[in-house]
Amino acid sequence: MDWLANNWALVGALSLDHARISVIPIVVGFLISLPLGWLAQRFPITRGFVLGGVGVLYTIPSLALFMLLPPLLGISVLSELNVIIALTVYAVAIMVRTVADAFASIEPSALRSATAVGYAEWGRFFAVELPLAGPVLLAGLRVVAVSTVSMVTVGALVGIQSLGYLFTDGFQRRIVPEVMTGVVMTFLVALVFDAVLVVLGRIIMPWSLVGHTPQRGGA
Amino acid sequence: MDLFLDALVWLLSPEQYTGEGSLPQRTLEHLSYTASATVLAALFALPIGYFIGHTGKGGTWIVAMTGAARALPSFGLILLLVLLLGVSQRVTASLIALVLLGIPPLMAGAYSGMQQIPRSTIDAARAQGMTEWQIVWRVEVPVSLPLVLGGLRGAVLQIVATATLVAYVGLGGLGYDIIQGIPLRRFDQTIGTALVIVVVALALDAMLALATRVATPRGVRQGRLDDVRARESGSRSAPVATVASSPEKEITQQRKNT
Amino acid sequence: MTMRKKMTGLAGLALTAGLIMSGCAADTGSDEPIVVGSQGYYSNEIIAEIYAQALEGAGFEVERQFQIGQRDAYLPELESGAVDLFPEYTGNLLQYYSPETTATQADEVYAELAGALPEGLIALDMSPATDQDSYNVTAEFATANSLVSIADLAGLDGLVLGGNPELEERPYGPAGLLETYGVTVGFDATGDVTVDALLDGLITLANVYSGDPRIAEFGLVTLADPEGLFLASNVVPIASSEIADAVAEIINPISAALTPEGLVALNLQSTKDQMSAADIAAEWLAANGF
């Protein structure tokens, strides 16, 4: 592991770059998918269209999306913006369905009670619907975060500096520890994002800690 | 939009369909990598997933593994394996990486497929006098089929997408023309190939969606199972997204048929 | 209402964090420091690092933007002035700007390149060091078939050429081999594992950069190119015209001191000794009296 001992600074810098590139798709993706998903479950007519649309987007392999976005948006193929937009598209594709299902899973009686108590539409959304959907939203967001971190590495094929650099450079120079470090660090960064989200979830939704996972019907 | 027109012209020109490296050839290569990896992954993952689902032990392990697999960068894995196994083994190395990608969704599909069968159904079968094996083959497997197929769909999706990257280590597949086209600045080639990849991926996904619908036993399709599940579980705020295969399927697997 | 506040607060925080970070990402550096860039190629990065350290040693402020990738990625940056100095290779760069060029000799290529460069870019003095495409075979294969130049391959069957995927379409690829030397080859896009593929017997002919230390390490035989299929490709610093005069004094002596063998040795330090570009550059500069 001499290589690693000599290259800590590089690995650290790349990890930070990697994290930085990952944050925007996760945050923006979440913000875009909230209204879209909510719409899909609130107005069932739109559901098929919205979910079908994001389903198609999710199916597109990342390399293909990196090629198709630039001509559509007039940006350069080999730019960070290309990768960030593509990853945001994936984040939305994953998250919209979760959002729709999260809101759909709320007991109608809870919503009716809220209205009975006096909440207006928006107030009810923020005070009742969103908190109730919270745990499922968080679970979906964790999936998005981890997938995004992992997919940033494919950006190496379009020249984007991230931990993916360790893959291509290590491959070129046949330095196994370098590639290995890249894989492990990407994995770790993903875990960190996941842990941060879990902690955030506990802070924002302290009630979700009480009695969560139902016992399965097995054994 | 010019670029898309160029790409269409490139797609329609007869050169792409003849000789070495033609689009049909690349597509076939791509599909064969996908098929082999999926089959191998299924051979490994389905029995284990069924077993864990049937006995009910080890569920949390599957959840953790699925999450962990999603965090592994597949591109790095391919390069690492080729470095370790040597270039003459690049096909094996790439296949291993693809198989590793496909295992979690398949295993999770089999597991959750088994899990969501209500105890009462199993008890009824047992009451009728079926043996353990009969229960597995005549009740559990068919009823779990939709979720297993959902897992298959997720696995194929991942594998098809990642198979575009194996061109980097000198294999074929549809990714080849993109990886070649970037340094050559042939955007008609990169965009045209990207379009083909999208069509192939969508076609596979649609076929599997159809298969899932077709394979769902009529009774299950009517959503009875869904109601039973909701009654049994009680709490609605289960972190369902952590279990099972492709993210979009994760929720639907626990709720309704697609 | 606390929930609502928490959510809004958090959302705002996250958005701000994201925007700030993206703002940092968009910062391409001011006009003050000299921005030195490099290709997505470890050897090129070493040379760029040498330029960077030399400039720093002379009192300039330097910003590094390494591993930008392929020409498509960094040339626009160079042309727009976002990057000021870049190590390049005469022949390959000339082919990029003038695909139809017929120049092959080193001086010819350099002269034509100077004319082919767009406004705002200047080629400083080129170095004797080269890093160009070359066709190589294993020592055994060369001896068994008495190969000295590419022309000697003409009669052989079942040859497979390996290299980057784009080699298949390059003028000096399979098409050029056939046209210039009457050599027929199949193609295998071995990319970064080309040398391994050659050693393993997967391919018979490999496109290996002349600066690659593995040619010497594995005793590969570089076939001579009498017909000039490959353009000579010497290391040449490309600078934006604003700073060209300022840096020429420092960079030109460095280019002169970089020899072909010297470059191979640098590359060896990177691959075999796994040293970082920064360390290699520092050592070279010290050893050569800079």
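**Figure 1. The contact between chain C and chain B.** In this view, 15 residues of chain C are in contact with 15 residues of chain B. On the side of chain C that touches chain B, helix α8 (residues 194-200) of chain C supplies the largest share, three residues. The residues on that side of chain C comprise five nonpolar, three polar and seven charged. The model shown here and in the following figures is a predicted one.

**Figure 2. Helix α8 of chain A and its surroundings.** Helix α8 of chain A spans residues 164-173; eight of its 10 residues are buried, so the helix is largely enclosed by the rest of the structure. The buried residues of α8(A) are A:Gly164, A:Tyr165, A:Leu166, A:Phe167, A:Thr168, A:Asp169, A:Gly170 and A:Phe171. Within chain A, these buried residues pack against α2 (8-42), α7 (121-152) and α9 (176-204). They also pack against α4 (74-85) of chain B and α2 (42-57) of chain C. Just after α8(A), A:Arg174 adopts a positive phi of about 55°.

**Figure 3. The packing of α7 of chain A with α3 of chain B.** Two packed helices are described by the angle between their axes and the distance between the axes. For α7(A) and helix α3 (residues 59-71) of chain B, the angle is about 35° and the axes are 7 Å apart. From α7(A), the residues that take part are A:Val143, A:Val146, A:Ser147, A:Val149 and A:Ser150. Their counterparts in α3(B) are B:Gly67, B:Arg70 and B:Ala71. By class, the residues of this contact are four nonpolar, three polar and one charged.

**Figure 4. The surroundings of C:Phe66.** C:Phe66 is located in the loop between β2 (62-65) and α3 (71-80) of chain C. Is C:Phe66 buried, partly exposed or exposed? It has 18 C-beta neighbours inside 10 Å and therefore counts as partly exposed; a buried residue would need 20 or more. Not counting residues up to four places away in sequence, C:Phe66 touches C:Gly37, C:Ser38, C:Glu45 and C:Ala48. C:Glu45 is 21 residues from C:Phe66 along the chain, and the C-alpha atoms of the two residues are separated by 6.5 Å.

**Figure 5. The two domains of chain C.** According to the domain assignment, chain C has domain 1 (34-131 + 233-287) and domain 2 (135-222). The C-alpha centres of domain 1 and domain 2 of chain C lie 27 Å apart. Nine residues of domain 1 of chain C are in contact with six residues of domain 2 of chain C. Helix α11 (residues 260-271) of chain C gives five residues, the largest share of the side of domain 1 that touches domain 2. That side of domain 1 contains three nonpolar, four polar and two charged residues.

Figure 6. Strands of a sheet pair through backbone hydrogen bonds, either parallel or antiparallel. β3(C) runs antiparallel to strand β10 (residues 235-240) of chain C, to which five bridges join it. Within this pair, C:Glu88 stands opposite C:Val236 in β10(C).

**Figure 7. A five-stranded open sheet in chain C.** The strands of this open sheet follow the order β7-β6-β8-β5-β9 (chain C), and their pairing is mixed. Which strands form the edges? They are β7 (186-188) and β9 (221-222) of chain C, each of which pairs on one side only. Two bridges link strand β5 (residues 135-137) of chain C to β9(C) in the antiparallel sense. C:Asn136 stands opposite C:Thr222 in β9(C).

**Figure 8. The largest nonpolar core.** In soluble globular proteins, nonpolar side chains tend to be buried together. The largest nonpolar core of this model has 213 residues, and those with the most contacts inside it are A:Val96, B:Ile78, B:Leu79, B:Leu106 and C:Tyr51. Helix α5 (residues 80-104) of chain A contributes 17 residues, the largest share of this core. Domain 1 and domain 2 of chain C both give residues to the core, so it lies between them. Not counting residues up to four places away in sequence, B:Ile78 touches B:Ala93, B:Ser94, B:Ala97, B:Leu165, B:Val166 and B:Val169.

Conventions
Residues are numbered from 1 along each chain as its sequence is written. Chains are lettered from A and ligands numbered from 1 in the order in which they are written. This is a predicted model: local features need pLDDT of at least 70, side-chain atom pairs count only at pLDDT 80 or more; totals for chains, interfaces and linings use all residues. A residue is buried if 20 or more other C-beta atoms lie within 10 Å of its own, exposed if 12 or fewer, and partly exposed in between; C-beta atoms are placed from the backbone. Helices (H or I, at least four residues) and strands (E, at least two) are DSSP runs, numbered from the N terminus. Two residues are in contact if their C-beta atoms, placed from the backbone, lie within 7 Å. Ala, Val, Leu, Ile, Met, Phe, Trp, Tyr, Cys and Pro count as nonpolar, Asp, Glu, Lys and Arg as charged, and the others, Gly among them, as polar. Axes are lines fitted to C-alpha atoms, for helices over the stretch in contact, and angles run from 0 to 180 degrees between N-to-C directions. Domain bounds come from an automatic or database domain assignment. Two strands pair if DSSP finds at least two bridges between them. A nonpolar core is a set of buried Ala, Val, Leu, Ile, Met, Phe, Trp, Tyr and Cys residues joined through C-beta atoms within 7 Å.
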